Amino acid sequence: VGNLSISQLCQPPRIVTAVNGQLPGPTIQAREGDTVVVHLVNTSPYNMTIHWHGVLQRGTPWADGPAMVTQCPVRPGGNYTYRFNVAGQEGTLWWHAHISFHRATVYGALVIRPRGGAYYPFPKPDKEYVVVLGEWWNTNVYDMERMAYLTGIPAPHADAYTINGKPGDLYNCSAANQTYQFEVRQNRTYLLRIINAGMNTPLFFKVAKHRFTVVGADASYTKPYNTDVVVVSPGQTVDALMVADAAVGRYYIAASPYDSAVPRGPPFSNTTATAVVRYAGAKTTTTARPPALPRRPAVNDTATAHRFFSGLTALLRPGKPTVPLAVDIHMFVTVGLGVSVCQPEQLLCNRSAPPVFSSSMNNASFITPNNISLLEAHFKHASAGVYTRDFQDTPPVIFDYTADASDNATMQYTTKSTKVKTLRYNETVEMVLQNTRLIAKENHPIHIHGFNFFILAQGFGNYDKATALRKFNLLDPQERNTIAVPTGGWAVTRFVADNPGMWYMHCHFDAHISLGLAMVFEVLDGPTPETSVPPPPVDLPRC
């Protein structure tokens, strides 16, 4: 991880933090069952960690990566070796920095193929492409995050969206090498491994005059789902087959924003990133017809987003996990925005003004420790002064979660928290995630480290158990590691706590993580050494 000089949007070259001099960083190729070893050498001027998004990290919790949750950061000039296994996982995952806002440029794909001579459970494509969607700022993202924290004023929105690191042709910049190009041959089938590595924005993904068959999401196979638009929230991945069945020519890929906030939330970049699908034989001279541009959904097209997010179902396969039917722990967790008083470390915060933006789960706005990681404190039985085990299973106040009348100063107020939820090994958890109207209703992508979960049902408004039970899919619910909770709505998830450690659950909008939209599951050891947290590796970074 080091410095990279890059010019985007016709701006002067500037230095960003990147991996191996690439943006996006290198794709890691593995097969199911492989052990992956990554040596992180930090030549950047910043503290750094890497999270392997969606990797379950069974038996390797020290390799998960979120700063101050499972490890202290790797300091400038330092190094750390991440070692983990990808047994039982196939599909598209990814990796990214998990500290400050460095995820804006420190990210890449992790592709896990079937082992040996095994085949995909769908028609074999002629070729595969990794398609990484991102967001770009014409400023130093570390400085931007620091200023947002110190002042309590949210960071500005991105200047552009990107496809494989390039913004495309619609940003009023005529510089060369601004648009990524995919080469195809007519009537051949392509597997697109689509990743939303963006910081804060769900994206609609379309290719002019082409359709998709979705066959996987978050490295879990799905039943074939036909669509002309893929919707992918930050943190999520989608595997989609595309047949190049259009006339020979050039066609734009478009990645455009989905702004779910109601009423209108913070400003966002209402722009479109483009790449080009070029058919073999298509003209590329200056007189050639420009690529066709797909018709993009409206930025607030919640109906299209919800249709996609709720339309996927799992592809049932022998020997693979199925939804647990018996539940040990029931949780109801509100997720949303709020306000809180300035913290002592927020040195530029206006303490004479109203409270600053915050966010919370069950009105607990999470902060990580400064001097020891949560996992190290857990392993050393040294939780005192680091975290408490009193995260509530239900909100402290029951109210009309999605009503405009609930959005008042009293309900918006939240306090900072170090509360975790402790689970016994192998307990089954059913968790309802309920979005609130506080500040604004919004589609929050909630990611859980260390686990996949089943999505039993989702909908709008306040969760009503009697009504929702009739919608539960207990046969083939989609399996995810990141769920886009419907704006002003709810989702029901289930997972088995069979992975000891300290596992972060947070909104994958980085602007919301820093505001406290997070908590941690503490999963206790099982009965054997193999079901217990192992000692830390010898090169684990120190705080």
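Mentor: Before we start, a disulfide here is a pair of cysteine sulfur atoms within 2.5 Å.

Trainee: OK, how many disulfides does the structure hold?

Mentor: Three. It's a predicted model, so local features need pLDDT of at least 70 and side-chain atom pairs 80 or more, while totals for chains, interfaces and linings use all residues. Residues are numbered from 1 along each chain as its sequence is written, and side-chain values use heavy atoms, without hydrogens or water.

Trainee: Which cysteine does Cys342 pair with?

Mentor: Cys349, at 1.8 Å from S to S. The torsion about that S-S bond is about -55°, so the link is left-handed.

Trainee: What about Cys72, where's its partner?

Mentor: Cys72 bonds to Cys543, S to S 1.9 Å. The two sit 471 residues apart in the chain. Cys72 is buried at 2%, whereas Cys543 is partly exposed at 37%. The S-S torsion is about -85°, so this disulfide is left-handed.

Trainee: Which hand does the Cys10 and Cys173 link have?

Mentor: Right-handed, with 90° about the S-S bond. Its sulfurs are 2.1 Å apart. Cys10 is partly exposed at 44%, but Cys173 is buried at 13%. This pair also links distant parts of the chain, 163 residues apart.

Trainee: What's the overall pattern, counting bonded cysteines along the chain?

Mentor: It goes 1-3, 2-6, 4-5.

Trainee: Switching topic, how accessible is Cys507?

Mentor: Cys507 has 0% relative accessibility, so it counts as buried.

Technical notes
Helix = DSSP H or I, 4+ residues; strand = E, 2+ residues; numbered from the N terminus. Buried < 20%, exposed > 50% of the residue type's maximum accessible area, 1.4 Å probe, protein only.
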